Amino acid sequence: MKIAVLPGDGIGTEIVAEAVKVLHALKLPLEMQEAPVGGAAYELHGHPLPPATLELAMASDAVLFGAVGDWKYDKLDRPLRPEQAILGLRKHMGLFANFRPAICYEQLVGASSLKPELIAGLDILIIRELTGDIYFGQPRGRRTATDGHFPGAEEAFDTMRYSKPEIERIAHVAFQAAQKRNKKVTSVDKANVLETFQFWKDVVTEVHAQYPDVELQHMYVDNAAMQLVKAPKAFDVVVTGNMFGDILSDEASMLTGSIGMLPSASLNAKGQGLYEPSHGSAPDIAGKGIANPLATILSAAMMLRFSLGQPAAADRIEAAVQKVLAQGLRTPDIYSEGTTKVGTAAMGDAVVKALAS
Ligand code: IPM
Ligand code: MG
């Protein structure tokens, strides 16, 4: 089982080190190889996704990814910015299906900014299409305006687009995921304004005919943003495009109080996957040893389950995480009175210890 380990920038290196520690503790035949990515790779090789890193990722069964980005790269040309590394990996590996669960851990109900009764027991799954939409649509760029209110002015544009097969395959993923859960899919669109998302809605409806056991609901994205804070538990599986999914998954993750707890998986048609925490590189707390490694450790569990065929090992990691939470161990992002504040490495050590017992 070959794993490409790409820690990246900011807290990425600290949290990935803890996940690697946990993976080693499982004593499975895992072959882990590390490579630079993001700003770290730019510093070393002048590119955020060097060919050797991409080749390593493509040749692996799974990628364990930390985070990329730092404000200091904001002035670079777009193709050289750290974010291009993750976008490039998604595109080149064809990682079209992004799973972002938002689960409220019982012990952390108090960490949410919402009332406990709204989020206790929350377990929703956002499925974000990851290789299409306005993120990748061509053409894009800048040009001189030929029409509109300011002819002759400079203007910028991006292209929102989806093909039918792109929508069909993500719809299948969503309906199949719902079959294993509470059998309800909410497809989020903006069909009232955008042609791309009227098409999305039509295609999802068509695919739904093959899943009569799953309930399908359509919702406009603005309403979905509102319903997520009003009654989040009314959702089961949410499926949407790349950009709406980016926004709604951040919102959903924060319902649970800590984005530091949430893993994610991005899969291609071959079952290869990239696993990363839902949070970013957090340059403001990088190097301080206080970042929460649990999202990355839980991402490693998803990796074992989805790409490496090791569901029992995945269960063991998840149980160990439950156990350290029950022991009252908390990194600062999830700390509350009466619990024990620990740093990144101590949290990783505690998970290793809980695995052993
Ligand atoms: C995410 C991030 C990325 C995205 C950035 C870093 C390119 O926000 O994974 O949600 O927009 O997809
Ligand atoms: Mg995002």
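Which strand and which helix each supply at least two residues of the lining of the largest cavity? They are strand S4 (97-103) and helix H9 (242-255), where helices (H or I, at least four residues) and strands (E, at least two) are DSSP runs numbered from the N terminus.

This is a predicted model, in which local features need pLDDT of at least 70 and side-chain atom pairs count only at pLDDT 80 or more, while totals for chains, interfaces and linings use all residues. Residues are numbered from 1 along each chain as its sequence is written, chains are lettered from A and ligands numbered from 1 in the order written, and side-chain values use heavy atoms, without hydrogens and water.

A cavity is a set of points on a 1 Å grid over the protein atoms alone where a 1.4 Å probe fits but cannot get out, and lining residues have an atom within 4 Å of a point. The largest cavity has a volume of about 30 Å³, volume being the space filled by probe spheres set on the points. Its lining includes Arg 100, Ile 126, Ser 249 and Leu 262.

Around ligand 1 stand Glu 83, Arg 90, Arg 100, Arg 128, Tyr 135 and Asp 246, each with a heavy atom within 4 Å of the ligand. Taken alone, ligand 1 exposes 320 Å², of which the protein buries 73% (Shrake-Rupley method, 1.4 Å probe).

Technical notes: 1 Å grid on protein atoms, 1.4 Å probe; cavity = no way out; pocket = protein on both sides within 12 Å on 5 of 7 lines; lining within 4 Å.
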